[in-house]
Amino acid sequence: MMSNMRPTGKLALQTIAMPADTNANGDIFGGWLVSLMDMAAGIEAKQRAKSRVVTVAIDSLVFLKPVNVGDTVTCYAELVKVGKTSLQFKMEVWTTSFIEEHTKQVAQGLFTFVAINEARKPHPVDRT
Ligand SMILES: CC(C)(COP(=O)(O)OP(=O)(O)OC[C@H]1O[C@@H](n2cnc3c(N)ncnc32)[C@H](O)[C@@H]1OP(=O)(O)O)[C@@H](O)C(=O)NCCC(=O)NCCS
């Protein structure tokens, strides 16, 4: 699958892939990456909604390239849809290896959040 040459969206979260994030094969665990994407999208959703938010759906998630221990991992978020109570973000994950001095896109997906009130019920987001 083709990936972009440069990230799209706003830098939402950055960290380093550590040995603790590997699976039984010693490769970076895909679930760790999804968790990062969810957290990064959640930060953006919370800021935009100005309220509590919950993840309601993750769509079109693709792992494009492997992530290596020691890579800098950066999540980018682009708001692509504002519904009545929901916000959808296109998330991209890019890694930088300072050994190879190489930046590449490793994953992407669509993350949808719903703004909720104190009773955990959906409530409208500002659409402007
Ligand atoms: C998110 C939640 C509050 C929605 O409650 P609900 O009664 O289903 O609400 P609604 O049917 O009114 O839908 C609310 C919004 O979610 C959207 N939505 C619901 N299911 C969806 C899905 N599968 N994909 C995309 N959007 C979805 C609806 O389109 C609606 O958006 P809109 O208001 O912008 O049009 C409820 O499903 C929930 O609490 N889920 C658990 C969330 C959670 O715990 N996430 C973390 C998992 S560990």
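Residues are numbered from 1 along each chain as its sequence is written, and the side-chain values use heavy atoms, with hydrogens and water left out. Because the model is predicted, local features need pLDDT of at least 70 and side-chain atom pairs count only at pLDDT 80 or more, whereas totals for chains, interfaces and linings use all residues.

**View 1. The open sheet has 5 strands in the order β1-β3-β4-β5-β2.** The pairing is antiparallel. The edge strands, β1 (10-16) and β2 (52-63), each pair on one side only. On average, neighbouring strands are turned by 25 degrees against each other, direction ignored. Strands are DSSP runs of E with at least two residues, helices are runs of H or I with at least four, and both are numbered from the N terminus. Two strands pair if DSSP finds at least two bridges between them.

**View 2. Strand β3 (residues 72-82) pairs with β1.** The two strands run in the antiparallel sense and share 6 bridges. I16 has T72 of β3 as its bridge partner, and K10 has A77 of β3.

**View 3. A hairpin joins β3 to β4.** β3 and β4 pair in the antiparallel sense over 10 bridges. T74 stands opposite W94 in β4.

View 4. Axes are lines fitted to C-alpha atoms, for helices over the stretch in contact, and angles run from 0 to 180 degrees between N-to-C directions.

**View 5. Polar atoms of T55, K84 and T85 lie by the ligand.** A polar contact is a pair of N or O atoms within 3.5 Å. A polar backbone atom of T55 is 2.9 Å from a nitrogen atom of the ligand, and one of K84 is 2.8 Å from an oxygen atom of the ligand. For T85, a polar side-chain atom lies 2.6 Å from a ligand oxygen atom. The protein covers 42% of the 970 Å² of accessible area that the ligand has on its own, by the Shrake-Rupley method with a 1.4 Å probe.

Methods:
Polar contact = N/O pair within 3.5 Å; in protein donor to acceptor, adjacent residues only side chain to side chain.
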